[in-house]
Structures are given as C-alpha cells and as structure tokens.
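Here's a quick walk through a few spots in this protein. Have a look at the fold first, then read on.

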Amino acid sequence: MVSGIHHITAITRKIQANVDFYVGFLGLRLVKRTAGYEDADQLHLIYGDAAASPGSLVTFLAWEDGSPGRVGLGQPAEIALSIKPEAIGFWLTRALTQNIAMSGPAQEFGEPVLRLKDPDGIIVKLVGEADVDGPAPHVTKDIAAADAIQRIRGATIFSEKPTETAAFIAGHFGYREVAVANGITRLAGDVADVLDIRDASGFWTSAPGTGTIDHVALRAPDRAAVEAVAARLATEEADETNMHDRKYFYSLYVREPGGALLEYATDGPGMTVDEPLEALGEKLFVPKHFRADPEDVRARLPQFSLPGEERMTERDLPFIHRVHRPENPDGTAVVLLHGTGGNEASLLHFGTKLAPNAVLLSPRGRSVDEGYPRFFRRLTAVTFDQKDIAGEAEAFAAFMEGANAAYGLDPERTLFVGYSNGANMIGAIMLLHPGIIRNAVLLRGMNVLETVPEADLSGVNVLMITGQSDPYGVYAGDLEAHLRAAGASVENRMLAAGHDIGTADMELARAYRERILG
C-alpha cells in the first residue's frame, strides 16, 4: 500500500483574502474552482503545485462571512508545507515584508520551521525538508524554483486518544510511527510526508466553522483500494463510512477514534479530467448532480480576483454584503434585499437574470429573529418592532452612502429590489430617509410603520408586485397609498400567485427596469 497525504481541506470566511495568501503570498497555483459537492452555493477552491499533483493540494470551502470555528479535540489543526532548507531565509524575509503573522524559525523533529497564520488564523508551517524535490513546484515572477513550496509536508491532529488515533491511521492507511517528542507521535507515509498526532487530552472540543481544517485526505492508488478499506472498516467497530465519486477522485470518509475526519482519496483521474493542464483553475465547474444552470450558481458564489487581475475591493461596511461584478458593466446597479430566512446570496440569481450587466449589491439583514436573518424584528405576523425598524433603516442609509462611494454606484441608476421582509424594509427606508432610494421593485411588500412621517418622494419610481392569494397581500394597498401620498410614482401589479415569487415577477421587474433606467 502506497501511503501519503492527497489533500487537506479547510474553511475560509473571506475568499479574496484566502486567494491573496495562498496564491499571492505562498505562490501556489489555483488548480480548480468548483461549486461544493454537498452544497452548490458553496465555493470550493483547490490550490496545488504546477501540475495539481496529489500530495500538493490544499483546498478551501468558502463560508463567506460565516461564523468562526474553534480548533480543538478531534480535529486537524495545522498544515505543513515543504520547502528546501536553504529557502527559510527567503520566506522569513517575505513574511516580514508582507506583514504576515509569523514565528520562528524553530526546530521541530530536527527540521527548521516557520509558523505562519493565514487570514483565518489557520497555522501554516513552512518546513525545511532535507533533499526535498517536489514533482512540479509552482514558479511565479517573485518566487524562484529553489524557493518554491515543494509539496505538503504534513498535518497535525489533536486527539485525546493519541495511541488509538495513531494505531488506526497506521493500520488502515499504511503509516508507521517514526518518532515521539513533546506529546506528539509522528507517523510517516511512503512518500515522506508526516502526520503528527498531538496528545491534546484536557483541551477543549473543536467546533466547525471558518478558520478550521475540515479534514485530511490520504492517498489511495485506485478505487479498488478505497473499497477494500471500506470493506475492512465495515467488519470492525469503526465509525460509519461513506463513499463518493468526486469526479477528480473517488474517496471514502471516516472518523478516527479521536474524532478527526479522514478521507481516503484516489490519485486519479485528477484535476485535468475536465480542463487542460495549462488552463487549470480558470473555469467554474458545477457538479452535474445539481442539474443547475452554471450562471445561476456563479451569481450566488463569492467573486474573487487572482493576483494581478482587476478587482473590486470589498469594503468593511455596516452590513455583511456580497458584491457581484459583471464582465461588461453597463453603469447600472441593483441592490437586493432578501426575505425572512434568506441571506446575501438568496436573490443574486434573480439579480443576474433581471440585469445581467449591472453591478449587484446584496446585504444580509442584521436582525436575527427566531434564528433567521431579517432586516428588522417581527413581533407578530403583521406587527413589527418600530425601534428596530428605525435603527436599522438609519444604519442602512449609512451603509448605502458608504457603498455608493466604495463601489462607484450612481443612485439615479440604481434599482432596489426587495422580497417580503426586504421589500418592507425598502418601503420603510423610502419613507424614513427620502433620497436614499430613487427606484424600487417591491415583491410582496407591505407597510410596517405604525407612524408614517411626512416625506417628499417626488421623482421616486416604485413597482409593487402583489400575489392574489398572498395572505399578506391585503396589506399592500396601505404601503401603496403612503408612497403615493408622498409623491412617488407607484404601479401595483397583481399576479395569480401567493407569497412566493417566480418567472412572472421577473418578467414584470425586468420590463419595469428597462422602462425607468433604459
């Protein structure tokens, strides 16, 4: 059995910062970008050497603005990458000049190690490994072959059952114990990479989230080897296993006795199965089992730029938000406000179909009510927290002032589209802060203000789309009346629909946008 690490998968909160670190700073190559196999709305990036060799791959699932996890028991905790020992000085200087959090060099098991932290706080160790020659080190304009990362050196696993963890990995995946020091049992594979099993007894338990390593994948020669291990585990008192065809490899997942998730993945067919070596990482791939329109999926995934590419820098503004920049922007923008239970990605596919060449800005509501993101708190089905509405409307007005400046949005050429709670928020903002919103489409909107202030909405264009069988539809007329009284030009279209939105809403909204924005 040939043993070794195939890849290591972790979770990031900000994909652009992640790309800047792993591609821009470390000089790895982006070799694949896909939608997640479990969730098409999750971006998955794979970095590696110039040839996307198994044993060089570090992958990230993007939980954009997701909650931070906690490193602890039953979890991989460090990523180690091999460099030539004489390259330590180069990386020390590079980290210092680029303000990368770093400590060392220090000796670990007789090797010089620089400990870095990536933007999510994950520890990445650069290990000076004697006589290392990676299969295809990635050379960049400022990282020469002699200094480049060669391959994965190893990973550290925190376990409160270190003896059982080590025995499980050695028994099923071909590793062998080679050293013990400072509470760490070092296992080595056939290709000279290592797994360090750290005795973390008494440490706190891990919690999934951003800034944590999800799993370590070990190398299998072929599918038969994966199935043989699965069969062997089935006869033992091992944790439940499951097998998957991930297109680029076939694998099984299992938890070792200490709780850490391990994957056993085949070397083939590899990353070049759907794009040539010279074009690796350029195209987004969506797993076929979702039967999804790739453009719809692309709109919901966070955008990023590789080093040297033109980029729109995301700003730190009062609302967590997503910005989607089209390939050929036409100078217009669409701001999308989701309904109860949605988030900043929920309406992006609606936005791309509504206005393919518009910049899309989609914020996440900050009022978490009954576990769901909302733009303000609901007291009953038709009564709302008035202080929350006022405070969030004021914060949103400030958010839009910052967003207009940061992203170059023209208020006169911006259309606000809200669904349900988001539509209600837009209606409240127009009446509480006139001038922020000039053009709006309200999908299933209603008035939520108990006291409506006097407002001048002259020149404001509003399309309301109401469902005939929507239980909240009877309240739409009140909002329409208040907007008209303030001077807005309002159209209220009735559809044979309920509270959900569909193709008819899209067609009405698109025609309206073309009429008012051209």
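Which residue just after α1 takes a positive phi? That's Gly27, at about 80°. One heads-up: this is a predicted model, where local features need pLDDT of at least 70 and side-chain atom pairs count only at pLDDT 80 or more, while totals for chains, interfaces and linings use all residues. Numbering starts from 1 along each chain as its sequence is written, and side-chain values use heavy atoms, leaving out hydrogens and water.

Helix α1 covers residues 15-25, and its buried residues include Phe21, Tyr22 and Phe25. Here buried means under 20% relative accessible area, with a 1.4 Å probe and protein chains only. Helices (H or I, at least four residues) and strands (E, at least two) are DSSP runs, numbered from the N terminus.

Over in strand β9 (residues 151-159) sits Arg153. Arg153 is buried, at 8% relative accessible area. Its contacts (heavy atoms within 4.5 Å), leaving aside neighbours within four places in sequence, include Glu111, Glu129 and Asp193.

Now for the open sheet: 7 strands run in the order β18-β20-β19-β23-β24-β25-β26, with mixed pairing. Strands β18 and β26 stand at the edges with a single partner strand each, so one side of each has no neighbour in the sheet. Pairing takes at least two DSSP bridges between two strands. Strands β19 and β23 pair in the parallel sense over 5 bridges, and Ala333 has Thr414 as its bridge partner.

| Helix | Residues | Angle |
|---|---|---|
| α8 | 421-432 | about 130° with β23 |
| α10 | 503-517 | about 170° to β25 |

Note on methods
Buried < 20%, exposed > 50% of the residue type's maximum accessible area, 1.4 Å probe, protein only. Axes fitted to C-alpha atoms, helices over the stretch in contact; angles between N-to-C directions.
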